[in-house]
Amino acid sequence: QVQLVESGGGWVQPGGSLRLSCAASGSPGSINAMGWYRQAPGKERELVARISWDSFTNVADSVKGRFTISRAYAKNTVYLKMNSLKPEDTAVYYCNVGRTTVWGEPGDYWGHGTQVTVSS
């Protein structure tokens, strides 16, 4: 089993920045890809960004150039730095990890989610 602890969500004005963190514990040795999905009200959950153990990334077109995903291997932690935030980025952001590739289906483990709200 893998446990995920997310942090870093909150409220920010348009154009602002936030950084999300997700730390994995339990059996993190089985993890390949770590990443983030998000779900806005009335919409389906969608990929934001994922990163593999060897640093390949898959980033959604809607956030390219604004969001950066990174991974601290020694800490089994994945980060999502979000810049130039827009109101349409408002959503619950979920950490996701597992054995799948960054281009494949989501991994088996999900965090509880952290709310990101972008508004003036």
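Where does S52 lie? The S52 residue sits in the loop between β5 (46–51) and β6 (57–59). The legends below describe close-up views of a predicted model.

View 1. S52 counts as buried, because its relative accessibility is 4% and the limit for buried is under 20%. The S52 side chain makes a polar contact with the side chain of D54, at 2.4 Å. Further along the chain, S52 is in contact with N32, A33, R71, Y73 and V102. Neighbours of S52 within four places in sequence are left out of that list.

**View 2. A salt-bridge network of R38, E46, R66 and D89.** Side chains of opposite charge can pair when their charged atoms come close. R38 and E46 meet through their side chains in a salt bridge, 2.7 Å from N to O. R38 is buried, with a relative accessible area of 6%. E46 is partly exposed, with a relative accessible area of 35%. R38 also forms a salt bridge with D89, here at 3.0 Å from N to O. This second pair links distant parts of the chain. D89 belongs to the loop between β8 (77–82) and β9 (91–98), and R38 to strand β4 (residues 33–39). The two residues are 51 residues apart. D89 and R38 are both buried.

**View 3. The salt bridge of K64 and D61.** The closest N and O atoms of K64 and D61 are 3.2 Å apart. Is D61 buried or exposed? D61 counts as exposed, because its relative accessibility is 66% and the limit for exposed is over 50%. Across the whole structure, a search finds four salt bridges.

**View 4. An open sheet of four strands.** The strand order is β1-β3-β8-β7, and the pairing is antiparallel. Which strands form the edges? They are β1 (2–7) and β7 (67–72), each pairing on one side only. Neighbouring strands of the sheet are turned by 15 degrees against each other on average, direction ignored. Strand β3 (residues 18–26) pairs with β8 in the antiparallel sense, over six bridges. In that pairing, L20 stands opposite L80 of β8. The pairing of β1 with β3 is also antiparallel and runs over six bridges. Here V5 has A23 in β3 as its bridge partner.

**View 5. The two faces of strand β1.** V2, L4 and E6 make up the covered face. Q3, V5 and S7 make up the uncovered one. V5, on the uncovered face, is the residue whose bridge partner is A23.

**View 6. E6 and its contacts.** E6 is found in strand β1. At 16% relative accessibility, E6 counts as buried. The E6 side chain reaches two backbone nitrogens: that of C95 at 2.6 Å, and that of G113 at 2.6 Å. How far apart are E6 and G111 in sequence and in space? They are 105 residues apart in sequence, and 6.7 Å apart in space from C-alpha to C-alpha. Not counting residues up to four places away in sequence, E6 touches S21, C22, W36, Y93, Y94, C95, G111, H112, G113 and T114. Both cysteines of the disulfide, C22 and C95, are among the residues that E6 touches.

**View 7. The disulfide of C22 and C95.** The structure holds one disulfide. The S to S distance between C22 and C95 is 2.0 Å. The torsion about the S-S bond is about -85 degrees, so the disulfide is left-handed. The pair links distant parts of the chain: C22 lies in strand β3 and C95 in strand β9, 73 residues apart. C22 and C95 are both buried.

**View 8. M82 in strand β8.** M82 counts as buried, at 0% relative accessibility. Which residues does M82 touch, not counting residues up to four places away in sequence? They are G16, S17, L18, L20, R66, F67, Y93 and V116. One of them, R66, is also part of the salt-bridge network with R38, E46 and D89. Another, L20, stands opposite L80 in β8. M82 and Y109 are 27 residues apart in sequence and 22 Å apart in space, C-alpha to C-alpha.

Terms used
Residues are numbered from 1 along each chain as its sequence is written. This is a predicted model: local features need pLDDT of at least 70, side-chain atom pairs count only at pLDDT 80 or more; totals for chains, interfaces and linings use all residues. Side-chain values use heavy atoms; hydrogens and water are left out. Buried means under 20% relative accessible area, exposed over 50%, partly exposed in between (1.4 Å probe, protein chains only). A polar contact is a pair of N or O atoms within 3.5 Å; within protein, one must be able to donate a hydrogen and the other to accept it, and residues adjacent in sequence count only if both atoms are side-chain atoms. Contact means heavy atoms within 4.5 Å. Two strands pair if DSSP finds at least two bridges between them. Axes are lines fitted to C-alpha atoms, for helices over the stretch in contact, and angles run from 0 to 180 degrees between N-to-C directions. A disulfide is a pair of cysteine sulfur atoms within 2.5 Å.
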